[in-house]
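Me: I have a model open on my screen and I'd like to learn how to read it. Could you walk me through a few features?

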Amino acid sequence: MADGAENQAVPTEDESRRDFLLHATVATGAVGVVVSMWPLINSMNPAADTLALSSVEASLAGLEEGQAITISWRGKPVFVRYRTAAEIEEARSERWQDMPDPQPDEERVQNDKYLIVIGVCTHLGCIPLGQKTTEIRGDYGGYFCPCHGSHYDLSARIRRGPAPTNLEVPEYTFLSETNIRIG
Ligand code: FES
């Protein structure tokens with residue numbers, strides 16, 4: 001005997017309507033997820049202007065000895081410092097073999113007078129001070145990161161503090177005596 005069939009409830013009009021509303025809500029929710037994911041997925045594609053900035057050209061013609069400029073490249077500051085003869089001499093007079101991240105100054109510059117490095121501390125990513133002559137430059141005359149006290153020298157090599165490595169030298173090319181392309 002089909003007891004189950006006898007006991008099976010026939011959905012009332014109200015229940016059918018509730019089911020319909022439930023399905024409609026789930027369907028709308030699914031569409032909502034797809035729609036809200038699109039901007040996220042779209043934002044993962046590099047925008048045209050971002051691609052255009054994968055390299056940047058700059059003129060150093062207006063820069064005078066002792067001055068510095070900061071160039072924005074791929075969202076990072078690139079420090080360019082026109083070093084004086086005394087600063088170059090100081091950067092080369094020290095024993096680089098004993099430094100925390102040993103590297104001779106000659107390997108960090110293409111043109112002795114222009115020090116070009118990414119201005120992001122290699123400890124936790126703060127932007128060090130020292131681009132302006134009025135800023136603290138640390139115990140070695142280069143840059144000082146006040147976040148946790150990293151001192152960089154005139155070749156932007158880490159000399160004291162928690163930063164594990166020297167400030168990074170970006171890929172760059174001298175297009176002429178005073179024009180550079182970074183990236
Ligand atoms: S981020 Fe520069 S010392 Fe910590």
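**The disulfide and the sheet beside it in the text**

Reply: Let's start with the bond between Cys126 and Cys147: the torsion about its S-S bond is about -115 degrees, so the disulfide is left-handed. This is a predicted model, where local features need pLDDT of at least 70 and side-chain atom pairs count only at pLDDT 80 or more, while totals for chains, interfaces and linings use all residues. Residues are numbered from 1 along each chain as its sequence is written, and side-chain values use heavy atoms, with hydrogens and water left out.

Me: What is the distance between the sulfur atoms of Cys126 and Cys147?

Reply: In general, a disulfide is a covalent bond between the sulfur atoms of two cysteines. The rule here asks for a pair of cysteine sulfur atoms within 2.5 Å. Cys126 and Cys147 have theirs 2.1 Å apart, and the count comes to 1 disulfide. The pair links distant parts of the chain, 21 residues apart: Cys126 sits in the loop between β4 (114-118) and β5 (141-145), and Cys147 in the loop between β5 and β6. Strands are DSSP runs (E, at least two residues), numbered from the N terminus.

Me: Are Cys121 and Cys145 buried or exposed?

Reply: Go by relative accessible area: buried is under 20%, exposed is over 50%, and partly exposed lies in between (1.4 Å probe, protein chains only). Cys121 is buried at 4%, and Cys145 is buried too, at 2%.

Me: In what order do the strands of the open sheet of 3 strands run?

Reply: Two strands pair if DSSP finds at least two bridges between them. Here the order is β5-β6-β7, with antiparallel pairing. β5 and β7 (158-160) are the edge strands, each pairing on one side only. Between β5 and β6 there are 4 bridges, and Phe144 stands opposite His151 in β6.

Me: What does the side chain of His151 reach?

Reply: Look for a polar contact: a pair of N or O atoms within 3.5 Å, where, within protein, one must be able to donate a hydrogen and the other to accept it, and residues adjacent in sequence count only if both atoms are side-chain atoms. The His151 side chain reaches the backbone nitrogen of Asp139 at 2.9 Å. His151 is found in strand β6 (residues 150-153) and is buried, at 9% relative accessibility.
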